Number of protein chains: 2
Amino acid sequence: MLDRTSPVSIKIVAERAGVSTATVSNVLNGKTSVSPVFAERVRRAVDDLGYVTDSSASRLRSGRHSLAGVVVPNLTNPMFSAFVSTLECVARQDGFDLLVVSCDNEAEQEAERLRSIRSWRPAGLIVIPCDGALSARLPKGGHPRIVVADRIPDDAGFDLVAVENALAAGAMASHLAAQGYRTCLVAGSTLEISNVRERWDGVAAVAPESVHMVECGLDPAGIHRRLRDRLRQGPRPDALFTLDHVTTLIAYQLLAELEISIPDDMGFASFDDTEWMRLVTPPVTAVRQPVEDMAHAAWAQLMRRMAGGDGAPEHLRLSCAIEIRGSTLRPKREPKNAAA
Amino acid sequence: MLDRTSPVSIKIVAERAGVSTATVSNVLNGKTSVSPVFAERVRRAVDDLGYVTDSSASRLRSGRHSLAGVVVPNLTNPMFSAFVSTLECVARQDGFDLLVVSCDNEAEQEAERLRSIRSWRPAGLIVIPCDGALSARLPKGGHPRIVVADRIPDDAGFDLVAVENALAAGAMASHLAAQGYRTCLVAGSTLEISNVRERWDGVAAVAPESVHMVECGLDPAGIHRRLRDRLRQGPRPDALFTLDHVTTLIAYQLLAELEISIPDDMGFASFDDTEWMRLVTPPVTAVRQPVEDMAHAAWAQLMRRMAGGDGAPEHLRLSCAIEIRGSTLRPKREPKNAAA
DNA sequence: ACCTCCCTATAAATCGTTTTACGAAGGCTA
DNA sequence: TAGCCTTCGTAAAACGATTTATAGGGAGGT
């Protein structure tokens, strides 16, 4: 792809204004003082030509960056798109543009994305890693500045902003127990994702006996099949608690398909609160993660590092709210198939 | 922000491999042939140091770009995030990274975003403009390569990929009429957005007498208030057709709030199909836009231009599907308040 | 009148890369 | 052995910007 679209460089501007390129640079960056007459001439030339500084050339020489990178597992998950959206907004306020890539939840792609994003020499990276092995996908000696968000890498050497997964999941388990749900099936994509693992641990810590976990995988068809098989075989649990958004979506449809009514036949709760959960009947009880806060915190931490902050890695955990809605409000009467 | 993180340049690699920088470049880009011995030495040095080419320096010298820009009204709207997600995926296959910015539906921000994105000298831009005046926000002489998507700018000089708004909206109006809905209220954000305008025109063309339009604006609180006032005053329409996702969401909640039951008291249909519309009861009839196709087409067109395609601007319109669901299936009995 | 000092504009160096032009070395023919 | 062609590595220039060092010119002091 040859560039024929942007022939307007600082040299052209300088020529048109009848000054040197250094003077143009000084006018635009306000480093050295420039006489009002020259400054005005330069400004007019800039306006006339619609000139904007070439950021990469500028970075190359000055070493001052105005680009940051974001790596997320995917962009269609509303969790992640909200994260990116918030990030984009707050980064811009600090004068940064954002290079956004998604890795489709695949380690291999993540490695390649990280490589290609590093090639732009961003001032820093914010990464929601697709698994724990993030550090294996970075150059051995001296990473770029990185803040990890949402999912916990095996390597504790990164700055980290995540949520209190175990606490929130435990609280949800308590709520279910308090509502009289005795047997609870917990469904999530895979325990290899730290979030799912921590959430399951949180549930298991609260209710060690009556809960079971089913790992459904990442692709929709597989989730549907595994969950359906699990619900058909053996005694039906009193409640279903799904640990991530994709699983929640498919589980909800599956319950309708199997004509299991919520909350009469089965209680239903979800980690990750999205707007449709308020719209369905009954509305779905969910753990609401502070996604925006997470984005703010991650960016703030990255800015601190970029400003030269050099201390030990910081690990921040934000707490979640539990939105109790109709899907877990157990009817007073005993359910039809209790202890079946 | 000073760069202290990436001291590994091609010069360091050359030194370690005991060759010149030109040779390193030749090995990496495969332009000129390099002897196997030297090539291997270089590759080892590259691996050891974790070197990746500085894309901006490379672009600066070679004029070959591997960056494209995307400007969208916002990222939280699932329509737009799906668009960006698809685009990111397909652009990557052609070796491009994506600079993503959102303008919060504000013209002023759009102008600033366009400026800052141009500073990266992208090979091309894909823009969903927030209003019709896009060309006023670009430099007078010679734009960067741009493909406009989804919304129609006043200036017909852009390549364009959008959907058959009027046709689809008209088809929906016909469906409503066929179901026996006689009076229909049409609600959308504002007629200043071309999509809303075209959709409304499409409805009006089919059913010129019994339809009315209400413009609700862009902010949630305003939409809720205006729509509520409109529904309270005067005779209640048989059906409500909302023209964009935000309005749909708020309208749906409002109907529940006003205890208007769907489809008995009122039919309900939406432009923009999102996943929750299948999950609620009754499920919501909606026009499904081919967002992924739109992204594919926009990128393909941009690639064509980047490859030197120089013809007249191309305007492509994709057709939409209508997903008929329970919310517009009128019960056989006469509705309670017919012709009230 | 001369010297000094500040103010401001510019020439030139530089960032990391690609490319062009050159030159060295080796193999071939006559 | 001289001459020529091919192969392959390197020095140096260039891309568009910023920065450092330098120079010119006017003002002010003695």
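Of the atoms of DNA strand C within 4 Å of the protein, 71% are sugar or phosphate atoms, and the remainder belong to bases. The structure is a predicted model, in which local features require pLDDT of at least 70 and side-chain atom pairs are counted only at pLDDT 80 or more, whereas totals for chains, interfaces and linings use all residues. Residues are numbered from 1 along each chain as its sequence is written, chains are lettered from A and ligands numbered from 1 in the order in which they are written, and side-chain values use heavy atoms, with hydrogens and water left out.

DNA strand C is surrounded by 26 residues, the closest being Ser33(A), Ser35(A), Ile10(B), Tyr51(B) and Arg64(B); a residue is near a molecule or strand if one of its heavy atoms lies within 4 Å of it. By class, this surface comprises 10 nonpolar, 10 polar and six charged residues, where Ala, Val, Leu, Ile, Met, Phe, Trp, Tyr, Cys and Pro count as nonpolar, Asp, Glu, Lys and Arg as charged, and the others, Gly among them, as polar. At least two residues of the surface near DNA strand C are supplied by each of helix 2 and helix 4 of chain A and helix 2 and helix 4 of chain B. Helices (H or I, at least four residues) and strands (E, at least two) are DSSP runs, numbered from the N terminus. The largest share, five residues, comes from helix 4 of chain B.

Several polar contacts to DNA strand C involve chain B; such a contact is a pair of N or O atoms within 3.5 Å, and within protein one must be able to donate a hydrogen and the other to accept it, with residues adjacent in sequence counted only if both atoms are side-chain atoms. At Ala57(B), a backbone N or O atom lies 3.5 Å from a base nitrogen of DNA strand C.

DNA strand D is surrounded by 25 residues, of which the closest are Ile10(A), Arg64(A), Thr23(B), Ser33(B) and Ser35(B). Among the atoms of DNA strand D within 4 Å of the protein, 72% belong to sugar or phosphate and the rest to bases. A backbone N or O atom of Ser20(B) lies 3.0 Å from a phosphate oxygen of DNA strand D. Two or more residues of the surface near DNA strand D come from each of helix 2 (21-29) and helix 4 (55-62) of chain A and helix 2 (21-29) and helix 4 (55-62) of chain B. Helix 4 of chain A gives the most, with five residues. The surface near DNA strand D contains 10 nonpolar, 10 polar and five charged residues.

Within chain B, helix 1 (residues 10-17) packs against helix 3 (residues 36-49) at an angle of about 125°, with the axes 9 Å apart. Axes are lines fitted to C-alpha atoms, for helices over the stretch in contact, and angles run from 0 to 180 degrees between N-to-C directions. Helix 1 and helix 3 of chain B are therefore oblique to each other, given that angles under 35 degrees count as roughly parallel, over 145 as roughly antiparallel, 65 to 115 as roughly perpendicular and the rest as oblique. Contact (heavy atoms within 4.5 Å) joins Ile12(B), Val13(B), Arg16(B) and Ala17(B) of helix 1 to residues of helix 3 including Arg41(B), Val42(B) and Leu49(B). Seven nonpolar, no polar and three charged residues form the contact of helix 1 with helix 3 of chain B.

Helix 7 (residues 165-178) and helix 8 (residues 194-206) of chain B pack at an angle of about 45°, with their axes 7 Å apart. Helix 7 of chain B is thus oblique to helix 8 of chain B. Residues in this contact include Ala169(B) and Gly170(B) of helix 7 and Gly202(B) and Val203(B) of helix 8. By class, the contact of helix 7 with helix 8 of chain B has five nonpolar, five polar and two charged residues.
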